[in-house]
Amino acid sequence: MSSCNDVDSSKATTAEATKPKFDLTVAKKEIEAANQNTSDLFTKHDSVGIANLYTKDAKLMFANVPAVVGRAAIQSVFAGIVNSPVTSVKFETIEVFGTEDLLAEEGKITIYIKDKVVAEEKSIVLWKKEDGKWKMFRDISNKNTK
């Protein structure tokens with residue numbers, strides 16, 4: 001006997017089988033690679049490249065200044081930083097939490113002028129996929145005091 005509630009589960013099973021399973025370890029490696037790219041762009045003084053690592057609707061929230069929204073505003077902030085005496089920035093991913101839709105990264109930032117550490121910061125970055133790549137969606141950091 002057949003019921004009107006029978007569902008063809010083979011289609012759902014096939015779709016689920018072909019969809020890659022989300023792996024937080026792989027996502028963390030992708031975030032670390034994106035951070036290395038950000039660091040490389042700082043060294044090259046490429047504020048446009050840095051801004052393109054953010055989503056279109058991203059928000060940058062640095063300490064003691066108003067938040068800025070969108071790539072153009074973010075590019076303007078980074079143009080000031082890359083044209084300052086800062087010569088390099090190192091990003092360290094401490095931990096990543098989340099799902100295939102949204103990741104939260106706890107991180108450490110070290111800022112250099114030449115070979116001298118001039119600031120250390122802690123950060124939280126929310127990442128989301130845009131055009132198939134993890135991009136920064138919300139970015140907040142502040143300095144550690146010594």
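F78 is buried, with a relative accessible area of 4%; buried means under 20% relative accessible area, exposed over 50%, and partly exposed in between (1.4 Å probe, protein chains only). The model is predicted, so local features need pLDDT of at least 70 and side-chain atom pairs count only at pLDDT 80 or more, while totals for chains, interfaces and linings use all residues. Residues are numbered from 1 along each chain as its sequence is written, and side-chain values use heavy atoms, with hydrogens and water left out.

The whole structure holds 4 aromatic pairs. Rings of Phe, Tyr and Trp (its six-membered ring) pair if their centres lie within 6.5 Å; planes under 30 degrees apart count as stacked, over 60 as edge-to-face and the rest as tilted. Two of the pairs, including F78 in each, are tabulated here.

| Pair | Centre to centre | Angle between planes | Geometry |
|---|---|---|---|
| Y54 and F78 | 6.0 Å | 35° | tilted |
| F62 and F78 | 6.1 Å | 90° | edge-to-face |

Y54 belongs to strand β1 (residues 54-62) and F78 to helix α4 (residues 71-82), so their pair ties together parts 24 residues apart in sequence. Helices (H or I, at least four residues) and strands (E, at least two) are DSSP runs, numbered from the N terminus. F62, also in strand β1, is 16 residues from F78, and this pair too links distant parts of the chain. Y54 is buried, as is F78, whereas F62 is partly exposed, with a relative accessible area of 23%. One aromatic cluster is formed by F42, Y54, F62, F78 and F91.
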